[in-house]
Amino acid sequence: RFFGRTVKISLLQNARSGLCPEDCSYCSQSAISTASINKYRLLSTAQLVAGAYKAVEAGARRYCMVTSGRGPSDRDIEQLGEAVRTIKHEFPDLEICLSLGLMSEPQARQLKEAGVGWVNHNLNTSRRFYPEICTTHTYDDRVETVQNVKRAGLSTCSGGIIGMGESDEDILDLAYAARELAID
């Protein structure tokens with residue numbers, strides 16, 4: 001009724017798996033997780049570009065590269081920027097999204113200049129409940145990343161995670177916070 005009978009396909013590429021020093025209790029890639037997952041460093045530029053080819057072949061309109069870890073290093077930003085420029089040269093209409101953890105405004109600006117359009121960065125839960133799910137970074141760190149991304153001129157696509165023991169009030173607080181930050 002509101003969106004017609006079309007679907008927008010996005011393809012997510014796990015660009016770095018495991019090896020995360022954070023203690024997010026909900027994440028299988030965190031330092032405290034005992035999940036049996038593949039662990040590998042940031043994929044090469046060629047592998048990330050190959051992922052974009054697969055995305056386009058599958059009919060995706062958006063390609064999102066996701067990394068585990070606290071946030072990207074300057075070297076990660078350079079490599080991801082190179083991959084994005086190559087992808088945008090090959091597929092100018094393919095939307096590029098990244099999910100990289102905590103980011104500074106200069107890092108976000110570099111990515112925008114390379115051709116990134118969106119950054120996915122969840123607030124995860126309310127400010128009040130956040131210390132129950134993570135102690136290695138704060139709710140304010142997450143809010144700051146959203147603000148850095150927006151100041152750099154990128155769109156944000158974010159959300160939360162429900163079902164971690166939070167209250168109904170925490171869920172509402174998360175929704176209000178996302179609205180205040182004007183998260184897409």
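**Strands, helices and rings**

Guide: Start with a facing pair: Cys64 stands opposite Cys97 in β3. From β2 the chain crosses through helix α2 (residues 74-90) to β3 in a right-handed β-α-β crossover. The model is predicted, so local features need pLDDT of at least 70 and side-chain atom pairs pLDDT 80 or more, while totals for chains, interfaces and linings use all residues. Residues are numbered from 1 along each chain as its sequence is written, and side-chain values use heavy atoms, without hydrogens or water.

Visitor: What makes a stretch a helix or a strand, and a crossover right-handed?

Guide: Helices are DSSP runs of H or I with at least four residues, strands are E runs of at least two, and both are numbered from the N terminus. For handedness, point the strands away from the viewer; a clockwise path from the first strand over the helix to the second is right-handed. β1, helix α1 (residues 45-57) and β2 also make a right-handed β-α-β unit.

Visitor: Why are β2 and β3 called paired?

Guide: Pairing needs at least two DSSP bridges between two strands. Five bridges join β2 to strand β3 (residues 95-99), so they count as paired, and they run parallel. Strand β1 (residues 10-16) pairs with β2 over six bridges, also in the parallel sense. There, Thr67 in β2 is the bridge partner of Arg16. Strand β4 (residues 118-120) and β5 have three parallel bridges, with Val119 partnered by Thr156 in β5.

Visitor: What is the strand order of the sheet, and which strands are at the edge?

Guide: The open sheet has five strands in the order β1-β2-β3-β4-β5, with parallel pairing. β1 and β5 (155-157) are the edge strands, since each pairs on one side only. Neighbouring strands are turned by 25 degrees against each other on average, direction ignored. Axes here are lines fitted to C-alpha atoms, for helices over the stretch in contact, and angles run from 0 to 180 degrees between N-to-C directions.

Visitor: Why is β2 described as mostly covered?

Guide: Buried means under 20% relative accessible area, exposed means over 50%, and partly exposed lies in between (1.4 Å probe, protein chains only). In β2 (residues 62-67), six of its six residues are buried, so the strand is mostly covered. Arg62, Cys64 and Val66 point one way, Tyr63, Met65 and Thr67 the other.

Visitor: How many aromatic pairs are there?

Guide: The search of the whole structure finds two. Tyr53 and Phe91 are 4.8 Å centre to centre, with 75 degrees between the planes. Ring centres of Phe, Tyr or Trp (its six-membered ring) must lie within 6.5 Å; planes under 30 degrees apart are stacked, over 60 edge-to-face, the rest tilted. This pair is therefore edge-to-face. Tyr53 is in helix α1 and Phe91 in the loop between α2 and β3, 38 residues apart. Tyr53, at 33%, is partly exposed, whereas Phe91, at 16%, is buried.
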